[in-house]
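The account below follows them step by step.

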Amino acid sequence: MSTRMPVKVDYSKCNGCRKCYNLCPMDVYTWDEGVNVPRVTYHMECWFCGACMMECPLRAIDVRYPLASW
Amino acid sequence: MGLEKIADRVFETEVLVIGGGLSGCVAASKAGRLGAEVIVLEKASLDRGGGAAAGMDHCATVPNENISYKDIVKGMTGEGQYPPIKNKKGLFNSNVYFSTWKDTRKHVEEMESWGVDLKWDDGEHYWIPSPRTGGRTTIRFHGQFLKPQLAAAVRAAGCKVLERTMGVDLLTKNGKVVGAVALNVRNGDFIVIKAKVVVVGTGMVQRIFNPEDGAPWTNKFMYHWNPTGAGDAHAMAYRAGAKLANMEFSSWFSRLLDDKTLMFGSLTDGDGEPTPIVNARGEVISETAFMSLETYLEQEEKGLTPMYFDVPNTSESHQRKREISTADERLASLKYIQERGFDPRKHRWELHGTKSLALTKNMAGIVTDESFKTTVDGLYGIGDAVQAGGTVLGSCNSGIIFAESAVKELPKIENSELDEAQVKLWKDRLDMHKNVEDGADPLEFETKIRMISERYAVLYRSEGKLKEGLSRLNDVRRDWMHRLSGDTPHRLMRVVDCYNLADLAEVHYRSALSREDTRASFWRKDFPEMNPEWDNQVNFAYMKDGKCVIEKGSFPEVDPKWLEEGD
């Protein structure tokens with residue numbers, strides 16, 4: 001089963017600038033050096049602040065609120 | 001053995017700032033500009049770390065011709081009238097608050113001179129009135145880039161910035177703080193910093209309570225305020241022997257369930273049109289958008305909850321102002337509303353009245369004097385972590401006042417050697433957590449602490465429950481602390497969070513046990529009335545020989561000069 005993550009990265013848009021990885025307050029992202037893209041590794045720790053979404057220069061990141069906050 | 005052999009990196013500086021949020025950035029920027037050598041540690045990034053990570057929409061209660069700094073402080077410290085918290089007189093060292101707020105306007109101008117833009121589109125301050133004073137009191141600003149601007153100010157001031165680096169604990173020598181050990185949460189480097197002066201500013205304590213609407217097994221950090229800090233500053237200061245005050249007081253802010261930011265500037269102060277609070281029948285309970293826990297419980301008793309912010313009945317111009325305010329403070333919040341199909345022009349916004357959010361800011365915190373020096377030599381505290389440093393402007397004021405005072409002290413401070421045994425203790429402890437077989441996830445430990453707090457130490461506190469809570473906390477610490485797995489540097493950071501949270505939960509429960517009283521934002525079911533024995537009495541907590549000490553004491557009286565009219 002593929003489950004919904006708090007942030008979704010559109011890898012077709014990502015240019016590997018690392019802003020999300022460098023700026024995330026909760027250190028949710030790790031960096032995949034092999035393909036030069038972010039990975040949403042510590043997704044349970046997302047604060048849903050939206051800093052990555054705001055800072056992504058290519059609008060490749062979407063913040064999605066979880067079922068629990070409906 | 002030598003520090004270089006124990007640590008991966010060793011630094012030496014005059015001023016060490018732990019925490020790169022609002023207060024830490026202001027402190028570093030000012031100290032750097034005064035010529036001091038400064039290192040800033042920030043667990044995340046300077047640009048998007050701390051309470052204003054995603055933005056900020058206002059700074060409240062700025063002294064001006066409508067409200068003097070004296071009136072602001074009288075409100076904060078219970079000398080005047082300031083809903084919703086009653087009976088809080090005597091819980092503060094008001095003198096510190098008065099001196100903190102005195103030069104607020106000057107500090108705002110100073111921040112602006114660094115490139116921090118607190119002005120509106122026309123280049124002027126945009127003042128909004130408060131329902132409490134009727135006149136202008138609060139500055140609304142577009143704060144989406146407040147943190148990036150402050151981060152630039154810190155770099156321009158010549159400070160050395162260590163990002164993704166968490167202050168783990170303070171190092172002491174002969175009762176004086178002389179540095180800190182730190183952890184790089186990306187590469188795992190163990191770092192030692194020797195400093196003449198250390199200042200801690202890592203925000204408030206929230207994570208000993210449940211998040212607002214995270215499910216217990218996931219979304220563990222869905223708090224209103226930035227959850228990065230687990231009370232690191234409080235815990236480090238406490239372990240170094242510095243006094244914390246009022247740690248039994250928790251915050252009962254009326255959280256919005258239907259939005260992810262409080263939008264204080266637009267809902268409560270309302271830009272001249274505060275949003276009323278109504279009960280389930282639509283009866284207006286508060287015109288000024290403030291509601292105390294007592295009011296909520298009264299309505300609950302009568303069967304008239306839920307309570308709502310009556311947003312749909314505000315004007316269209318107010319609706320638009322609210323939207324801009326949300327974008328300024330947390331853009332993602334607009335997305336949240338949209339995703340749920342929630343229409344603020346049609347739907348009322350439910351308020352969560354009985355959720356304890358954090359230890360009360362501007363009340364529970366590290367004790368400092370007027371220059372933000374703690375009760376331990378060499379250690380200062382600023383921002384939401386200390387008693388008088390809460391809110392955006394408290395952070396700004398305390399950061400600047402600290403820097404001015406500390407930089408003056410620097411020439412008088414002798415260099416002292418670090419205690420290698422202390423450094424080694426943390427090095428060995430962290431190494432142990434890296435290699436735990438069959439270890440437990442630190443987030444599970446943290447969740448367990450929250451479960452204990454919520455069950456035994458929230459609204460219906462009593463001696464029996466608090467003792468049971470303490471005993472369970474001790475069991476969990478004894479059996480699990482050494483088995484927490486820090487198998488990645490990131491997870492090692494969460495293990496250190498657990499040390500801090502466990503210490504602060506203990507301080508919270510023990511302080512609550514000590515206070516046989518009900519007042520301000522503290523309730524004991526077995527002492528439901530204000531107990532005169534606790535008039536003007538404060539719990540001070542500190543660690544001595546590895547044990548938690550709770551001491552009943554009092555703050556100095558308010559100097560009458562502060563209560564006089566004028567200024």
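Rings of Phe, Tyr and Trp (its six-membered ring) are said to pair if their centres lie within 6.5 Å; planes under 30 degrees apart count as stacked, over 60 as edge-to-face and the rest as tilted. By this rule there are 12 aromatic pairs over all chains. One of them joins Phe92(B) and Tyr97(B), an edge-to-face pair with 5.4 Å from centre to centre and 90° between the planes.

This is a predicted model, in which local features need pLDDT of at least 70 and side-chain atom pairs count only at pLDDT 80 or more, while totals for chains, interfaces and linings use all residues. Side-chain values use heavy atoms, with hydrogens and water left out.

Burial is judged by relative accessible area: buried means under 20%, exposed over 50%, and partly exposed in between (1.4 Å probe, protein chains only). Phe92(B), at 4% relative accessibility, counts as buried, and Tyr97(B) is buried at 0%. Trp426(B) and Tyr499(B) have ring centres 5.5 Å apart and planes at 70°, so this pair is edge-to-face. Helices are DSSP runs (H or I, at least four residues), numbered from the N terminus. Because Trp426(B) lies in helix α13 (residues 420-434) of chain B and Tyr499(B) in helix α16 (residues 489-514) of chain B, the pair ties together parts that are 73 residues apart in sequence. Both Trp426(B) and Tyr499(B) are buried.

Phe48(A), Tyr65(A) and Tyr336(B) form one aromatic cluster.

How values were computed:
Residues are numbered from 1 along each chain as its sequence is written. Chains are lettered from A and ligands numbered from 1 in the order in which they are written. Helices (H or I, at least four residues) and strands (E, at least two) are DSSP runs, numbered from the N terminus.
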